[in-house]
Amino acid sequence: MGWAIALHGGGGDIPRSLPPERIEPCLATLHRCLDLAVAALQAGRTALDVVELVVRELENCPHFNAGKGSVLTSDGTVEMEASIMDGNTMSCGAVSGLSTVVNAISLARLVMEKTPHIYLAFHGAEAFARDQGVETRDPSHFITEENIERLRQTKEANRVQIDYTQPIKVQPPTDDNSRTGTVGCVAIDSSGNLAAATSTGGIVNKTAGRIGDTPIIGAGTYANPLCAVSATGKGDSIIQYTVTRDVAALMEHRGLQLKEAAARVVAGVPLGHVGLVAVSASGEVSMAYNTPGMFRACATEDGYSEVGIWPEADADANGES
Amino acid sequence: MGRWAIAIHGGAGVDPNLPEQRQEEAKRVLARCLQLGVDLLRAGSSALDVVEAVVRELETDPCFNSGRGSALTRAGTVEMEASIMDGRGRRCGAVSGVSTVRNPVSLARRVMEKSPHSYLAFAGAEDFARDQGLEVVDNSYFITDENVGMLKLAKEANTILFDYRVPLSGADTCALAAAASDNANGMVMNGLPISIYAPETVGCAVVDSNGFTAAATSTGGLMNKMTGRIGDSPLIGAGTYACGLCAVSCTGEGEAIIRSTLARDVAAVMEYKGLPLQEAVDFCVKERLDEGFAGLIAVSGTGEVAYGFNCTGMFRGCATEDGFMEVGIWE
């Protein structure tokens with residue numbers, strides 16, 4: 001048994017033709033997050049602390065669609081959202097519509113721990129952030145050149161766009177295989193507690209005020225005493241199929257093991273729409289996705305670890321690894 | 001052809017000392033809304049049209065906590081939210097932070113049908129409403145004198161719940177004393193004594209004569225909530241869910257409903273455990289809520305109705321094609 005951790009930096013149409021200068025910083029961040037998480041788990045930190053610290057790290061990395069580096073709304077602004085759930089107590093916290101808070105996931109945790117509510121959004125969430133004295137920056141801090149370019153291209157193409165397209169002339173080869181973004185982390189600590197956390201900037205060119213699956217418990221994030229799950233992909237599908245909740249529901253009601261439950265849920269959602277990371281109470285890890293790729297990493301106490309983007313050559317058709 | 005069925009609710013967590021006159025008024029409103037749904041179903045309307053029409057009616061009547069008559073935020077304003085789900089194809093729409101749109105459930109439906117997204121909130125939702133030409137009114141339209149009074153009591157009660165040394169005085173003494181004794185009796189919902197708590201939310205679940213389901217939920221939310229607070233009502237899987245097997249709408253303590261993904265769980269239990277509707281409802285109410293208080297209404301794809309709640313009362317009504325029709329409040 002022992003501790004286990006899995007994290008993702010978004011699933012979607014990640015072209016294998018992405019140049020090294022795009023891939024390397026992402027992989028480096030995944031490695032760094034894994035190292036941080038493993039050190040924390042070995043030191044006996046709780047799963048809740050670990051998922052928060054990993055997601056903070058991913059939010060701070062400008063190459064992922066969360067925190068700094070979030071994709072832009074149709075107004076050219078950033079609206080960030082996140083949620084966190086403690087599998088032990090099943091407490092949860094969520095935030096949406098943040099524009100100045102450096103770490104949305106930490107604010108979500110404060111909502112969980114410091115308010116009688118679960119979910120705060122927009123001006124109410126920003127006001128709460130100031131009450132709590134969390135780190136805030138001018139909205140321009142979160143906006144990157146890359147995302148300005150992505151928005152411009154999307155508006156030209158007049159449709160909501162994929163996240164990981166190179167920000168130059170190339171038109172993405174597939175059409176609706178294109179929702180991605182979001183970062184997330186799930187963990188089980190050495191006491192057997194489970195936790196999940198997810199954070200995002202949303203989708204490129206979204207209508208201001210649009211909320212996706214990430215802050216919705218049971219959609220983008222879920223944890224209970226059986227498992228912890230964080231999802232990425234097409235937000236509307238993740239909501240409709242209550243993806244993270246369903247992994248747990250299959251384990252509970254059908255007695256499936258984690259990998260099978262995760263594979264089944266992913267297979268049940270339209271192709272190209274979803275990826276997830278999950279850990280179970282027995283220390284199993286799953287990183288299942290039906291998108292072309294998913295930035296991901298995992299490690300378990302027995303020494304196993306993995307970092308990847310695309311399915312390995314010998315993985316099954318679902319991209320399960 | 002399937003058999004149609006409809007269930008509606010006006011909120012769970014009812015003050016056992018609610019005056020008889022208020023109870024009768026509530027039952028009249030429930031009966032009227034139920035009849036509206038029944039008439040539409042008999043005329044062959046779709047489940048989606050029926051849930052929207054019925055919830056619009058519940059929102060418009062100030063009797064319940066949604067639309068006009070919504071509970072107030074701690075700032076004394078109204079922030080409404082709603083969601084709707086089409087069991088045929090799982091499309092869904094939701095809105096939060098709505099402050100001027102007359103019928104939030106209709107805005108939720110427009111989000112589902114006319115926007116590229118599933119959920120819009122606050123300024124974005126308000127802008128979209130205007131783009132779509134939906135009826136908007138001043139925020140004051142939604143505010144009733146009764147709720148202004150209730151907000152005041154709620155603010156005082158929140159003090160009472162944390163500090164019993166606060167002296168009671170003035171005309172509100174009876175209510176506050178009742179509140180304190182409610183707390184002593186343990187009848188508290190969402191941190192408020194039951195005499196002050198405004199049962200949150202209205203909802204409707206329907207299966208039409210083609211066997212298609214839909215569900216919708218609408219609310220003003222928790223009395224004295226922080227501005228920006230979102231509850232379970234706009235969250236698909238928590239307050240609202242519909243699929244081929246069933247349609248569900250929940251009400252009660254938002255946190256409990258969200259953590260337990262209550263609406264989705266009724267469907268999941270039917271799907272993965274093979275339980276029939278009433279058993280699935282009972283299972284979820286009994287096993288999923290822990291110390292939380294909530295209720296729900298549901299219909300199955302085969303024309304059954306069911307409801308369940310673990311708190312003091314739920315305003316509800318249900319009707320099936322074979323002529324069964326009832327409204328109720330208590331067990």
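In the predicted model, A:Asp213 is placed in the loop of chain A that runs between E6 and strand E7 (221-223). With a relative accessible area of 5%, A:Asp213 is buried. Apart from neighbours within four places in sequence, the residues in contact with A:Asp213 are A:Ala219, A:Gly220, A:Ala231, A:Gly235, A:Ile238 and A:Ile239. A:Gly233 belongs to strand E8 (residues 227-233) of chain A and has a relative accessibility of 6%, which counts as buried.

For chain B, the "binding site" record in UniProt, again from an unreviewed entry, lists B:Arg229, B:Ile230, B:Gly231, B:Asp232, B:Thr251, B:Gly252, B:Glu253 and B:Gly254. B:Gly252 lies in strand E11 (residues 246-252) of chain B, and its relative accessible area of 1% makes it buried. Leaving out neighbours within four places in sequence, B:Gly252 is in contact with B:Ala12, B:Met189, B:Asn190, B:Tyr197, B:Glu200, B:Asp232, B:Ile257, B:Phe293 and B:Ala294. B:Glu253 is located in the loop between E11 and helix H7 (254-259) of chain B. At 11% relative accessibility, B:Glu253 is buried, since the cut-off for burial is under 20%. With neighbours within four places again set aside, the contacts of B:Glu253 are B:Val188, B:Met189, B:Asn190, B:Tyr197, B:Glu291, B:Gly292, B:Phe293 and B:Ala294.

The fold of chain A was examined next. Its secondary structure consists of eight helices and 12 strands. The radius of gyration of chain A is 18 Å, close to the 20 Å given by the globule rule for 321 residues, so the chain is as compact as a globular protein of that length. Along the principal axes, the C-alpha atoms of chain A fill a box of roughly 50 × 50 × 35 Å. Of its 321 residues, 66% count as buried. Among contacts in chain A with a separation of 6 or more, 66% are between residues 24 or more positions apart. The accessible surface of chain A is about 10400 Å², and carbon and sulfur atoms contribute 50% of it. Chain A carries 24 positive and 38 negative side chains, with the centres of the two sets 4 Å apart.

Helix H3 (residues 104-114) of chain A is largely enclosed by the rest of the structure, because nine of its 11 residues are buried. The buried residues of H3(A) are A:Ala104, A:Ile105, A:Ser106, A:Leu107, A:Ala108, A:Arg109, A:Leu110, A:Val111 and A:Met112. Their cover includes helix H2 (47-60) and helix H4 (122-132) of chain A. Strand E2 (80-86), strand E3 (92-98), strand E4 (119-121) and strand E6 (194-200) of chain A are also among the covering elements.

Backbone angles were also considered. A:Met90, in the loop between E2 and E3 of chain A, has a positive phi of about 60° although it is not a glycine. In chain B, B:Arg90 is found in the loop between strand E2 (80-86) and strand E3 (92-98). The phi of B:Arg90 is near 65°, a positive value in a residue other than glycine. A:Met90 counts as buried at 16% relative accessibility, whereas B:Arg90 counts as partly exposed at 22%.

Definitions and conventions. Residues numbered from 1 in each chain as written. Chains lettered and ligands numbered in written order. Predicted model: local features only at pLDDT ≥ 70, side-chain atom pairs only at ≥ 80, totals over all residues. Heavy atoms only, no water. Helix = DSSP H or I, 4+ residues; strand = E, 2+ residues; numbered from the N terminus. Rg over C-alpha atoms; globule rule 2.2 N^0.38 Å. Buried < 20%, exposed > 50% of the residue type's maximum accessible area, 1.4 Å probe, protein only. Contact = heavy atoms within 4.5 Å. Areas by Shrake-Rupley, 256 points an atom, 1.4 Å probe, with all protein chains shown as cover. Lys, Arg positive; Asp, Glu negative; His and termini not counted. Charge placed at Lys NZ, Arg CZ, Asp CG, Glu CD. UniProt positions renumbered as here; feature names shortened; annotations may be inferred.
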